[in-house]
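Here is a short briefing for a first look at this protein. Keep the structure open while you read.

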Amino acid sequence: MSDYKYSIEAKNVNKTFYKKNQEVKALIDFSISIKRGTIHGLLGPNGAGKSTFINILGGLVKKNSGEVNICGINIDQNIKLSKFKIGIVPQELNIDPFFSPAELLELQAGLYGVPKKKRKTDEILENLKLTEQRNAYARTLSGGMRRRLLIGKALVHDPEIIILDEPTAGVDIDIRTSVWNYIKNISKQGKTICLTTHYLEEAENLCDNISIINFGKKIIEGSKSELLSIISKKSVSFVLNKDISIPKDLDDYNPTYSDGILKLNYDKNQTNIKEIIDILDKNKIEFKEINTVEGDLEDVFLKVINNKNAKA
Ligand SMILES: Nc1ncnc2c1ncn2[C@@H]1O[C@H](COP(=O)(O)OP(=O)(O)OP(=O)(O)O)[C@@H](O)[C@H]1O
Ligand SMILES: [Mg+2]
């Protein structure tokens with residue numbers, strides 16, 4: 001097995017589309033390094049350039065410039081080999097309606113030259129909870145079933161990297177959880193996974209590392225916890241014993257008071273909650289309950305994108 005640290009390494013990739021004579025810069029000097037064996041999330045709003053990047057990896061879109069290596073293989077030098085290293089689950093549900101799931105997986109395995117003995121059609125169908133639909137026409141499958149079948153199609157040649165473009169779009173909560181578990185299982189087998197998602201909960205649940213992109217540019221990249229530490233704002237609410245008027249000492253904390261609840265915001269890097277409680281004590285404000293809320297990835301996402309837009 002060849003030795004490489006990054007399953008996917010892209011440097012300064014540019015892609016411009018021309019739509020009705022208008023230039024659309026889908027990727028601008030886009031670089032990314034996805035560590036082998038990790039689950040990497042690609043996040044960004046609609047039109048950010050996520051699918052364009054994925055399509056470049058799969059050889060469906062040609063980049064204008066830059067370098068891309070897949071498992072250490074430069075795609076410009078050997079697209080055929082690099083394509084074998086990845087399995088892509090596309091964003092669109094493009095499934096031939098007249099084949100059954102089993103036939104589609106067999107066909108795909110044939111395309112990749114997987115010998116009959118090595119095919120895992122039934123195992124894949126079972127893992128994706130499609131055994132019952134094994135021989136049904138694909139056109140009779142629900143959206144969630146189609147999405148799972150597409151995941152199966154990407155796995156037939158046992159690729160080292162699995163790329164999922166919105167793996168759970170339009171999939172119900174139950175199935176979403178089972179797709180997540182399935183992705184985690186594939187990851188445990190040592191595969192590298194790259195996924196795009198609009199569900200921040202999904203990224204929080206699955207990803208080791210995350211890149212956020214917007215307008216074709218990478219805005220930020222880091223481990224999930226690094227990204228979470230960007231937002232240092234915390235909010236705290238006190239359920240009070242009796243009505244108060246807000247003391248001036250609390251002005252720095254954006255105080256609001258209604259229905260017996262006093263809400264304050266503070267920067268946890270600068271303020272210790274003890275300081276706030278001391279102010280309450282000093283003002284003889286008694287509370288019977290205290291709740292703190294920390295930011296999640298959604299806050300990171302909004303914060304970095306808003307900062308970027310504000311600067312632009
Ligand atoms: N084949 C194409 N021809 C012209 N423009 C394109 C083409 N493919 C993508 N684009 C444009 O490139 C930009 C990036 O699109 P892309 O599909 O990569 O975004 P995305 O991040 O995947 O968005 P979404 O979250 O909506 O899937 C968009 O402005 C899109 O309109
Ligand atoms: Mg997309």
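**The open sheet**

An open sheet of 4 strands runs in the order β12-β13-β11-β14, with antiparallel pairing. The model is predicted. The points below start with this sheet, then turn to a pair of helices and to the domains.

*Edges and twist*

- Which strands form the edges of the sheet? They are β12 (256–258) and β14, and each of them pairs on one side only.
- From one strand to the next, the twist averages 20°.
- As a general rule, side chains in a regular strand alternate between the two faces of the sheet.

*Pairing of β11*

- Strand β11 covers residues 233–240, and strand β13 covers residues 261–267.
- These two strands, β11 and β13, pair in the antiparallel sense over 7 bridges.
- Within this pairing, Val239 stands opposite Ile261 in β13.
- β11 also pairs with strand β14, which spans residues 287–294.
- The pairing of β11 with β14 is antiparallel and runs over 7 bridges.
- Val236 has Thr292 in β14 as its bridge partner.

**Two packed helices**

- Two packed helices are described by the angle between their axes and the distance between the axes.
- Helix α3 takes in residues 101–111, and helix α5 takes in residues 143–155.
- At what angle do the axes of α3 and α5 cross? They cross at roughly 25° and come within 9 Å.
- Angles under 35 degrees count as roughly parallel, so α3 and α5 are roughly parallel to each other.
- The crossing of α3 and α5 is right-handed.
- On the α3 side, the contact is made by Pro101, Leu104, Leu105 and Gln108.
- On the α5 side, Leu149, Gly152 and Lys153 make the contact.
- How do the residues of this contact of α3 with α5 divide? There are 4 nonpolar, 2 polar and 1 charged.

**Domains**

- The domain assignment of the protein gives domain 1 as 6–228.
- Domain 2 is given there as 232–294.
- How many Å separate the centres of domain 1 and domain 2? The separation is 45 Å, taken over C-alpha atoms.

Methods: Residues numbered from 1 in each chain as written. Chains lettered and ligands numbered in written order. Predicted model: local features only at pLDDT ≥ 70, side-chain atom pairs only at ≥ 80, totals over all residues. Domains from an automatic or database assignment. Pairing = 2+ DSSP bridges. Axes fitted to C-alpha atoms, helices over the stretch in contact; angles between N-to-C directions. Parallel < 35°, antiparallel > 145°, perpendicular 65-115°, else oblique. Left-handed = near helix turned anticlockwise from the far one by under 90°. Contact = placed C-beta atoms within 7 Å. Nonpolar A, V, L, I, M, F, W, Y, C, P; charged D, E, K, R; others polar.
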